[in-house]
Amino acid sequence: MSEFFLEVEGIKIRYRKANEESPRKVVLLHGMAFNADTWYELGTINKLSEAGYAVYAIDMPGFGKSGGKRMNRWIAAEFLRKILDALGISHSALVGPSMGGGIALAFATLYQSKLIALILISPAGLKDDKIIGSLDKISIPVLIFWGEKDRVFPVDMAQYLKNKIERSELVICPNARHPCYLDTSDLFHEKLIQFLNRVFRDY
């Protein structure tokens, strides 16, 4: 699959995309140890594309093949808005694992009107007072994945997050570690596509 580059505020950003003509946009962020290639290697980009979604997997600044320096989640969320504007994406479902989940939560805090749905995979940021204070203001549909054997963020945090976000669903991935979408990829893809199909029913 081809890779693409664009420049945002003088920073070269690498991304992968598929089926861009579809109006149903899904944006994939990544965790600290990963990048856009992870979603290609896992098959997520292809599965979402085949299900009728436009898919964009982005290397955030300082990761993968993108330039620039790594940013804290709030600056990264602001910069993500600029990336999406440059790509012409006004509304999307945003997927964020771990570090990317923290960025996604910050983005939802700042720009919820630009989101159709949020998919969080054991997200960072649940000790961030600004994020904690905004969780009950998230009104879009949210799907939460958590690994049963997550040693980075204990699984009891999953129920806390679900209780804080009114329109949320929780999937506990059996025997899965922190990057649970890697350990239970079939379950992850099945639940993700089912959720997106409901959320995007009218698109």
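Predicted model: local features only at pLDDT ≥ 70, side-chain atom pairs only at ≥ 80, totals over all residues.
**View 1. The largest pocket and its lining residues.** Welcome to the largest pocket, which has a volume of about 170 Å³. Its lining is made up of Met32, Met60, Pro61, Phe63, Arg70, Met71, Asn72, Arg73, Ala76, Met99, Ile103 and Ala124. Helix H3 (73–87) and helix H4 (99–111) are the elements that each give two or more residues to this lining. By residue type, the lining divides into nine nonpolar, one polar and two charged.

**View 2. Strand S4 and its partner strands, S2 and S3.** Strand S4 covers residues 54–58, and five of its five residues are buried, so the strand is largely enclosed by the rest of the structure. Look at how the residues point: Ala54, Tyr56 and Ile58 go one way, while Val55 and Ala57 go the other way. Strand S2 (residues 11–18) pairs with S4 in the antiparallel sense, over four bridges. Here you can find Ala18 opposite Val55 of S4. Strand S3 (residues 25–28) pairs with S4 in the parallel sense, also over four bridges. In this pairing, Val27 has Tyr56 of S4 as its bridge partner.

View 3. Cys173 is buried, with a relative accessible area of 0%. Cys180 is buried too, at a relative accessible area of 0%.

Conventions. Residues numbered from 1 in each chain as written. Heavy atoms only, no water. 1 Å grid on protein atoms, 1.4 Å probe; cavity = no way out; pocket = protein on both sides within 12 Å on 5 of 7 lines; lining within 4 Å. Points joined across faces, edges and corners; volume = space filled by probe spheres on them. Nonpolar A, V, L, I, M, F, W, Y, C, P; charged D, E, K, R; others polar. Buried < 20%, exposed > 50% of the residue type's maximum accessible area, 1.4 Å probe, protein only. Pairing = 2+ DSSP bridges.
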